[in-house]
Amino acid sequence: MSNYELVVGLEIHARIATKSKMFCSCNNEFFGKPPNCHVCPICTGFPGMLPVLNEEALIKGIKAALALNCEIPAKSKFDRKNYFYPDLPKAFQISQYDEPVSKNGYVDIDVDGEKKRIGITRLHLEEDAGKLTHTASGTLCDFNRCGTPLMEVVSEPDIRSAKEASLYAQELQKILRYVGAAECDMEKGGMRFDANVSIRKQGETKLGTRAEVKNLNSFRSLEKAIEYEFKRQIEVLESGGKVIQETRGFDDVKQITISQRTKEEANDYRYFPEPDLPPIYTEKDFVEKLRLELPELPSLRKIRFLKEYGISENDARILTDDPFLANFYEKVVKISGDPKRSCSYITTNLIGLMKAEDETNLDFRNLKISVENLADLVSRISKGEITNNIGKQVFEIMYQEGKNAEQVIKEQGFADSDNEADLEIWCKEVISQNPGPLAQYKSGKESIIGFFVGQVMQKSKGKANPSKVKEKLLKLLN
Ligand SMILES: [Zn+2]
């Protein structure tokens, strides 16, 4: 197996986050809606209907391309990709062929601590097709998805392992989300992958014949499909056969790829310029204006978090994976002034509780705990008003019930000011119960005070404030 090298290029489709479809005013928010309620004569291909380009889709496409370090040519155009299939009532898809809106970019990924650059051939714009549902009594067509705006990001064949493919796809998802160009929600079909997989002998520079595995809709199936193809193609070559250029599907249950059809060549699609849409001319000033509007991208933000907040690499990655969470964290830090504790309450306590509820879906947008309330809790712990141990318990109730820290502390009797009398009793008890350490303290071993504090903390079941305990003990001992 090690005699062979895996070569992968990815085509990633992402639905652009716009209000309306690519060439008509139908609503782009169709997920979960009844079939065929977001359709009009344009997106269902009635004769004589004229498409009009959605400006928002163009702008978001260009912003995504800039974030992927692409060039934006001064001129691009749309083409018709002709094919006949029931999910495509026009019998052609409006896409971009030889003059895409952007080209020649790259994305850097982190593979086991090493930076690797994956080239991007192009990012182009196109419309999606409808959706077919095959039933026992026939095939049903839903055209709600027909004409929704897509960007297709085509990578160079720079990927050398299933893991690299997944890391690249995850990085792309992050970037598109940061830019606000696409939600890339795979559960809703907002992002899908086609993997071009080939193999060659180690040291060989010519590319082997590739098979294209279509419509992978999770990072896991992307990895599994590539791993399977690698093995399959080696077996074909080792048994004296030839890999054929074809389109394959992935069976999620059996975890294998299956031949679907031999691959069409570009000329099978009879591409020609879309006569109903004028070419797009992008002026330099316009592109530069969009570049200025780009947010800080995830890889740079992670580096800044490391430097500015002194948190661990892993924590910085978790926080910057989702722009919403990164913003949430920075707001909490701004109010609490304690970056490390704010971080651990999010990456350990918050995410821990969320994962206990639903491992697969971490939805930070609908939290019951607000920035202000979390910042207030963190400040109270930092100032020593409550212990970290109590803080964790308070946090759990805040997370479940949406109350603020003060409310929870009062309701649960966590406030240590109530324990002033108890504190004195506990301290006296601990001193009288430990004559040995007491003698050591009296003979000058001052560090033994830590032992006494620990004992009092135990008696208080963690509720006492350690700095107050120490103060009280010192008073009693001296
Ligand atoms: Zn429409």
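Me: How do you know which residue is meant by a number, and what confidence does a local feature need?
Reply: Residues are counted from 1 along each chain as its sequence is written. Because the model is predicted, local features need pLDDT of at least 70 and side-chain atom pairs count only at pLDDT 80 or more, while totals for chains, interfaces and linings use all residues.

Me: Why is α7 called oblique to α9?
Reply: The axes of helix α7 (residues 323-336) and helix α9 (residues 371-382) come within 8 Å and cross at roughly 45°, where axes are lines fitted to C-alpha atoms, for helices over the stretch in contact, and angles run from 0 to 180 degrees between N-to-C directions. Angles under 35 degrees count as roughly parallel, over 145 as roughly antiparallel, 65 to 115 as roughly perpendicular and the rest as oblique, and therefore α7 is oblique to α9.

Me: What makes Phe328 in α7 part of the contact with α9?
Reply: Two residues are in contact if their C-beta atoms, placed from the backbone, lie within 7 Å; Phe328, Lys331, Val332, Ile335 and Ser336 in α7 meet residues of α9, among them Val371, Glu372 and Leu374.

Me: What makes β5 and β13 edge strands?
Reply: The open sheet has 8 strands in the order β5-β6-β9-β1-β10-β11-β12-β13, with mixed pairing, and β5 (102-111) and β13 (256-262) each pair on one side only.

Me: How do you know that β5 and β6 pair?
Reply: Two strands pair if DSSP finds at least two bridges between them, and β5 and strand β6 (residues 114-127) are joined over 9 bridges in the antiparallel sense. Within these strands, Ile109 stands opposite Lys116 in β6.

Me: Which strands pair with β10, and over how many bridges?
Reply: β1 and β10 pair in the antiparallel sense over 11 bridges, and 4 bridges join β10 to β11, which also run antiparallel. Ser198 in β10 is the bridge partner of Val7, whereas Asn196 stands opposite Glu212 in β11.

Me: Why is β10 called mostly covered?
Reply: A residue is buried if 20 or more other C-beta atoms, placed from the backbone, lie within 10 Å of its own, exposed if 12 or fewer, and partly exposed in between; in β10, 8 of its 11 residues are buried.

Notes: Helices (H or I, at least four residues) and strands (E, at least two) are DSSP runs, numbered from the N terminus.
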